[in-house]
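Work through the exercises below with the structure open. Try each task before reading its solution.

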There are 2 protein chains.
Amino acid sequence: MTHHDATAPTGRPAQYGLISFKNVATAVLPLYDDGTIVLVGQNRFAHADYSWELPEGGAPLAEDPLDGAKRELAEETGLQAREWRKVLHVQLSNSVTDECGVGYLALGLSQSEGGHHCDDTEVLALARIPFRQALDAALDGHLKDVLTVAMLLRAYHMAREGDLPDALARVMLG
Amino acid sequence: MTHHDATAPTGRPAQYGLISFKNVATAVLPLYDDGTIVLVGQNRFAHADYSWELPEGGAPLAEDPLDGAKRELAEETGLQAREWRKVLHVQLSNSVTDECGVGYLALGLSQSEGGHHCDDTEVLALARIPFRQALDAALDGHLKDVLTVAMLLRAYHMAREGDLPDALARVMLG
């Protein structure tokens, strides 16, 4: 964390603390044709909590975040996708960090050949559940990770607005 | 920022950095009966950017975040609301911070008597625009603040799912 002496928007002097991130947070919503999605479960030290969330990871700023998202999906779930859509671009905190987040929808899923392997500090559980069940869990507070919640709401919006194949939207919303 | 030596979930030693927040981030979506909403515009130092977003602020952990949300809405817009609904509860970063966010829908808006006043380091602009226009701006990347984006998608979901008065949902989606 670095401290900056700066002029506030009002012209008065002010000191800001800024935490600069070396990564972009990427989140992937892996969506099967039958309307199910994949969540990963893990301990999150920052929140002293066990957390179910989308496959997520950090992509170095110099890298295309899509490449980071593909790698995270493969590492955490062993999946690859035929179609990738960037559907969310956000700033994760407006107060003291400059962390950005990018969300992708991954369609046309299949098991990748190499199988998956985790970073050695990660222990992940996997769950494949209906989209609607995940969305309900996000709205009743069982899923809390903000990128996970925002991506599930984004996918709901896409299903309702005709941005997904009709058959897929029907099983997601049904 | 504090550093913690800890045992990783795999049993291996690991060091974590954790930034603890003294506040809960609150966001308010002020929604008029005619389907318009209010955004505030301001410079955000962390992102070196001008940002339009929902009225937001930090509520001390000891306070009911609803009280903080009411205060922020009044301070930033001069508005009060007849009805408050807590519709979002998220964790804003899963990596190095433990910041939580709570989102409220504010209905039955009216100008509060005292008018509004800002913190002396804040210069705010206000814009009242149709909900649909704000949602489109969130999805095409013009609005980036994650609580703002998530709350607009949440309100879309509520309008579609019958969780808002019919007449209001119609003007929001129309």
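**Exercise 1: the sheet of chain A**

In chain A, four strands form an open sheet with mixed pairing, in the order β6-β3-β8-β7. The model is predicted: local features need pLDDT of at least 70, side-chain atom pairs count only at pLDDT 80 or more, and totals for chains, interfaces and linings use all residues. Residues are numbered from 1 along each chain as its sequence is written, chains are lettered from A and ligands numbered from 1 in the order in which they are written, and side-chain values use heavy atoms, with hydrogens and water left out.

Task: find which strands of chain A stand at the edges, and say why one side of each is left without a neighbour in the sheet.

Solution. Start with the terms. Strands (E, at least two residues) and helices (H or I, at least four) are DSSP runs, numbered from the N terminus. Two strands pair if DSSP finds at least two bridges between them. Now read the edges. β6 (56–60) and β7 (79–91) of chain A each have a single partner strand, so one side of each lacks a neighbour in the sheet. Then take the twist: it averages 30° from one strand to the next. Angles run from 0 to 180 degrees between N-to-C directions, and axes are lines fitted to C-alpha atoms, for helices over the stretch in contact.

Task: how many bridges join β3 (residues 23–30) of chain A to β8 (residues 100–111) of chain A?

Solution. Six bridges join them, and the two strands run parallel. For one position, take A27(A): G103(A) in β8(A) stands opposite. Contact means heavy atoms within 4.5 Å.

**Exercise 2: two helices of chain A**

Task: describe how α3(A) and α4 (residues 166–173) of chain A cross.

Solution. First, the geometry: their axes come within 9 Å and cross at roughly 125°. The two helices are therefore oblique to each other. The cut-offs: angles under 35 degrees count as roughly parallel, over 145 as roughly antiparallel, 65 to 115 as roughly perpendicular and the rest as oblique. Last, the residues. A155(A), Y156(A), A159(A) and R160(A) of α3(A) meet A169(A), M172(A) and L173(A) of α4(A).

**Exercise 3: chain B**

Task: which way do β7(B) and β8 (residues 100–111) of chain B run, parallel or antiparallel?

Solution. They run antiparallel, joined by eleven bridges. K86(B) has Y104(B) in β8(B) as its bridge partner. Now the helices: α2 (residues 131–139) and α3 (residues 146–160) of chain B pack at about 130°, with axes 10 Å apart. α2(B) and α3(B) are therefore oblique to each other.

**Exercise 4: a ring pair**

Task: what kind of pair do the rings of Y156(A) and Y156(B) form?

Solution. A search of the whole structure finds three aromatic pairs over all chains. For Y156(A) and Y156(B), the ring centres are 6.2 Å apart and the planes at 70°, so the pair is edge-to-face. Rings of Phe, Tyr and Trp (its six-membered ring) pair if their centres lie within 6.5 Å; planes under 30 degrees apart count as stacked, over 60 as edge-to-face and the rest as tilted. Y156(A) lies in helix α3 of chain A and Y156(B) in helix α3 of chain B, so the pair joins two chains.
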